[in-house]
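Subject: A structure for you to explore

Hi there,

Here is the structure I promised to pass on to you. Have a look through it first, and then read my notes below.

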Amino acid sequence: MNYQCIKPVYTLWLSKDGGKYFGPGIAMLMEGIKRTGSLSSAAKEIGMAYSKAWRIIKRSEELAGCKLLLTRTGGAKGGGAGLTRDAEQILSDFTAFSKEVDTEIERTFRKYFAD
């Protein structure tokens with residue numbers, strides 16, 4: 001059989017207490033917050049409503065048991081957001097873990113489906 005046009009497709013999530021704790025969506029949000037300094041801008045970049053982005057962050061904070069987002073309320077200079085040290089660590093670990101999983105899945109895929 002010719003497997004040239006197929007590839008494995010999956011979504012990697014971390015779960016805690018039966019809830020989605022951390023995955024690609026929150027990772028993209030966090031990267032956007034780091035880049036823009038704003039949850040609103042980060043959500044807009046990935047086509048997500050601000051209210052949904054806020055709920056995702058809050059849910060992950062509940063499951064993590066720590067703050068992930070540092071916020072500054074508006075005013076003359078406007079508001080903003082940044083990541084806590086814990087959030088930076090989780091994002092870094094998840095990114096490294098994802099890359100390693102990608103490599104292993106690709107290796108295993110080739111083992112079974114290479115021509």
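This is a predicted model: local features need pLDDT of at least 70, side-chain atom pairs count only at pLDDT 80 or more; totals for chains, interfaces and linings use all residues.

In which helix does serine 60 lie? Serine 60 lies in helix 3.

Residues are numbered from 1 along each chain as its sequence is written, and side-chain values use heavy atoms, with hydrogens and water left out.

A word on names: helices (H or I, at least four residues) and strands (E, at least two) are DSSP runs, numbered from the N terminus.

Serine 60 is buried, with a relative accessible area of 3%. Here, buried means under 20% relative accessible area, exposed means over 50%, and partly exposed is in between, using a 1.4 Å probe and protein chains only. Not counting residues up to four places away in sequence, serine 60 touches Tyr21, Ile26 and Leu68. Contact, by the way, means heavy atoms within 4.5 Å.

Helix 1 and helix 3 (residues 50-64) have axes that come within 11 Å and cross at roughly 105 degrees. Axes are lines fitted to C-alpha atoms, for helices over the stretch in contact, and angles run from 0 to 180 degrees between N-to-C directions. The angle makes helix 1 roughly perpendicular to helix 3. As for the words used for angles, under 35 degrees counts as roughly parallel, over 145 as roughly antiparallel, 65 to 115 as roughly perpendicular and the rest as oblique. On the helix 1 side, the contact is made by Ile26, Leu29 and Ile33, and on the helix 3 side by Ala53, Ile56, Ile57 and Ser60. These residues divide into six nonpolar, one polar and no charged. In this scheme, Ala, Val, Leu, Ile, Met, Phe, Trp, Tyr, Cys and Pro count as nonpolar, Asp, Glu, Lys and Arg as charged, and the others, Gly among them, as polar.

**Helix 1 meets helix 4**

How far apart are the axes of helix 1 and helix 4? The axes of helix 1 (residues 24-36) and helix 4 (residues 85-113) are 11 Å apart, and the two helices pack at an angle of about 125 degrees. Helix 1 and helix 4 are therefore oblique to each other. The residues that meet are Pro24, Ala27, Met30, Glu31 and Lys34 in helix 1 and Ala87, Glu88, Leu91, Phe94 and Thr95 in helix 4. The residues of this contact divide into six nonpolar, one polar and three charged.

Arginine 85 is also placed in helix 4, and at 78% relative accessibility it counts as exposed. Arginine 85 and leucine 70 are 15 residues apart in sequence and 9.8 Å apart in space, C-alpha to C-alpha.

**The strands**

Strand 1 (residues 14-16) and strand 2 (residues 19-22) pair in the antiparallel sense over three bridges; two strands pair if DSSP finds at least two bridges between them. Lysine 16 stands opposite glycine 19 in strand 2. The two strands form a hairpin with two residues between them. Aspartate 17, in the loop between strand 1 and strand 2, has a positive phi of about 55 degrees although it is not a glycine. At 71% relative accessibility, aspartate 17 counts as exposed.

Strand 3 (residues 69-72) and strand 4 also pair in the antiparallel sense, over four bridges, and leucine 70 stands opposite glycine 82 in strand 4. In a regular strand the side chains alternate between the two faces of the sheet. From strand 4 (residues 80-83), Gly80 and Gly82 point one way and Ala81 and Leu83 the other way, and all are buried.

**Two loop residues**

Is glycine 23 buried or exposed? Glycine 23 lies in the loop between strand 2 and helix 1 and is buried, with a relative accessible area of 0%. Leaving aside neighbours within four places in sequence, glycine 23 is in contact with Leu12, Trp13 and Phe94.

Lysine 67, in the loop between helix 3 and strand 3, is partly exposed, with a relative accessible area of 47%. With neighbours within four places in sequence left aside, lysine 67 is in contact with Lys58, Glu61, Thr84 and Asp86.

Happy exploring!
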